[in-house]
Amino acid sequence: MPPFTVLHVCMGNICRSPMAERLLALAVRERLARRGEDPALAEELLHSHSAGTGGWHAGEEMNPPAARQVIGRGGAVEGFAARKLRSDHIDAADLVLTATADQQEYVVALRPDAAARTFVLGEFGRLLAAVDVAALPAAEATPQGVYARGVALVAAAHDNRLGASVLPTDDLDDPWGRGDQCFSRVADEIEETVHPLAAALLP
């Protein structure tokens, strides 16, 4: 059911997955503005949220270098609080994007029925490029339209990966404890997937 829900997963939920959460939300707002639609509609069309496989940082704000990347790219960090991944988060997601293949395996072990909608972030970006977007449901800036197009997009990406393997380069490096340059590179890699995703949902 709408809105189309994307769950981002990393280890501690203070660096990679929060950046992905907020940068996807930003990309959707930017697509709406480009279409001449009200960017405030974004939250009705897509729910982007995140969690960590570990709960060590539960309740904490985004790591400062990660927050700097989001703010510097035009996004918002207000209201974020880290949390530990729960089964119901996975159950409610139409698409699960993990930072690494290990985290993908963790999600699928927790909820085997989510395998077809769980991808490593970089893997999903590669598969997305091969999807025939013309075959997807019509693009409409409505909750029902984005949901239908998103679910079909995930199914097409899953079909494209059958028989293929995740690549080591699909993983996002963990920037925890490293400098702004590392965080910037990881944020760039996140955008390489979330920008095409937003564009496919709202061309």
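Two strands count as paired here if DSSP finds at least two bridges between them, and strands themselves are DSSP runs of E with at least two residues, while helices are runs of H or I with at least four, both numbered from the N terminus. With that in hand, look at Thr98, which stands opposite Val120 in S4. Before going on, keep in mind that this is a predicted model, in which local features need pLDDT of at least 70, side-chain atom pairs count only at pLDDT 80 or more, and totals for chains, interfaces and linings use all residues. Residues are numbered from 1 along each chain as its sequence is written, and side-chain values use heavy atoms, with hydrogens and water left out.

Now for the sheet. It is open, has four strands in the order S2-S1-S3-S4, and its pairing is parallel. At the edges sit strand S2 (46-52) and S4, each pairing on one side only. From one strand to the next the twist averages 25 degrees, with axes taken as lines fitted to C-alpha atoms and angles running from 0 to 180 degrees between N-to-C directions.

On one side, four bridges join S3 to S1 in parallel; Val6 stands opposite Leu95, and Leu7 opposite Val96. S3 also pairs with strand S4 (residues 118-120), again in the parallel sense, over three bridges. Leu95 and Leu97 point one way from S3, Val96 and Thr98 point the other way, and all are buried, meaning under 20% relative accessible area with a 1.4 Å probe and protein chains only.

How do you get from S3 to S4? Together with helix H5 (residues 101-110), S3 and S4 make a right-handed β-α-β unit: with the strands pointing away from the viewer, the path from the first strand over the helix to the second runs clockwise.

Finally, there's a hole to look at. Searching the whole structure turns up one cavity of 30 Å³ or more, a cavity being a set of points on a 1 Å grid over the protein atoms alone where a 1.4 Å probe fits but cannot get out, with lining residues having an atom within 4 Å of a point. Strand S1 (4-10), helix H1 (16-34) and strand S3 (95-98) each supply at least two lining residues. Among the lining residues are His8, Arg16, Leu97 and Thr98.

Technical notes. 1 Å grid on protein atoms, 1.4 Å probe; cavity = no way out; pocket = protein on both sides within 12 Å on 5 of 7 lines; lining within 4 Å. Points joined across faces, edges and corners; volume = space filled by probe spheres on them. Buried < 20%, exposed > 50% of the residue type's maximum accessible area, 1.4 Å probe, protein only.
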